[in-house]
Amino acid sequence: MSVAAELIAARLAGCAACQKKLSGLVMRGDKLVLAALAASLPHNPPQELREGTKVMYPALRTRSGFMIFGLIHAMPRRHRADVLADAVEYWVSKIPSAEAGTSDRAAGHGMSIELPAPAGPEAFPDGVVEIRRMGSTS
Ligand SMILES: [Zn+2]
């Protein structure tokens, strides 16, 4: 999950180059990471969702890891990209400093976000993905 965490940090830092690189790594990597990110979205859509994420939402509400993982596998790449973008946006919105000024954004690259590795597709409990701001001074 560390690549996903780095991607969220890069988004917070507003670094387009890192976001592009890291998005590519997540998209080409283990689909379990994407499934866990999808499973981390709340029961009620937190924001305006992209098409691929909308398609997934009924499955997300079941909290069935097998169903979520299966859908991630079966969906077209552009829908997986939608899920990734929406999950990153959601987590960025959960981190208060994301809305802060430029000095805080610049610090984003130095921020460490911990996303525990998913145990497997059997079950994704609520909040399987945790993001903690480490070493925060605020
Ligand atoms: Zn960067």
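Reader: What pattern does the protein chain follow along the sequence, and what makes a stretch count as a helix?

Author: Helices are DSSP runs of H or I with at least four residues, strands are runs of E with at least two, and both are numbered from the N terminus. This is a predicted model, in which local features need pLDDT of at least 70 and side-chain atom pairs count only at pLDDT 80 or more, while totals for chains, interfaces and linings use all residues. Residues are numbered from 1 along each chain as its sequence is written, and side-chain values use heavy atoms, with hydrogens and water left out.

Reader: Why is helix 3 called largely enclosed by the rest of the structure?

Author: Buried means under 20% relative accessible area, exposed means over 50%, and partly exposed lies in between, with a 1.4 Å probe and protein chains only. Eight of the nine residues of helix 3 (residues 31-39) are buried, so this helix is largely enclosed by the rest of the structure. The buried residues are L32, V33, L34, A35, A36, L37, A38 and A39, and they pack against helix 1 (2-13), helix 2 (16-28), helix 4 (51-62), helix 5 (65-74) and helix 6 (77-94). For the protein chain of 138 residues, buried residues make up 44%.

Reader: What makes D30 a cap of helix 3?

Author: A side-chain oxygen of D30 lies 2.9 Å from the backbone nitrogen of L32, at the N-terminal end of helix 3. A polar contact is a pair of N or O atoms within 3.5 Å; within protein, one must be able to donate a hydrogen and the other to accept it, and residues adjacent in sequence count only if both atoms are side-chain atoms.

Reader: Why is helix 3 called oblique to helix 5?

Author: The axes, which are lines fitted to C-alpha atoms, for helices over the stretch in contact, form angles that run from 0 to 180 degrees between N-to-C directions. Those of helix 3 and helix 5 come within 9 Å and cross at roughly 120 degrees. Angles under 35 degrees count as roughly parallel, over 145 as roughly antiparallel, 65 to 115 as roughly perpendicular and the rest as oblique, and helix 3 is therefore oblique to helix 5.

Reader: Which residues of helix 3 and helix 5 meet?

Author: With contact meaning heavy atoms within 4.5 Å, K31, L32, L34, A35, A38 and A39 in helix 3 meet I68, F69, I72 and H73 in helix 5.

Reader: What is the relation of helix 3 to helix 6?

Author: Helix 3 and helix 6 pack at an angle of about 50 degrees, with their axes 9 Å apart, and that angle makes helix 3 oblique to helix 6. Here K31, L34, L37 and A38 in helix 3 meet R80, V83, L84 and A87 in helix 6.

Reader: How do you know that T53 is buried, and what does T53 touch?

Author: T53, which lies in helix 4, has a relative accessible area of 1% and is therefore buried. Its side chain reaches the backbone oxygen of D82 at 3.2 Å, and, not counting residues up to four places away in sequence, T53 touches L41, D82, V83 and D86.

Reader: Why does A5 count as buried?

Author: A5 lies in helix 1, and its relative accessibility is 3%, so A5 counts as buried.
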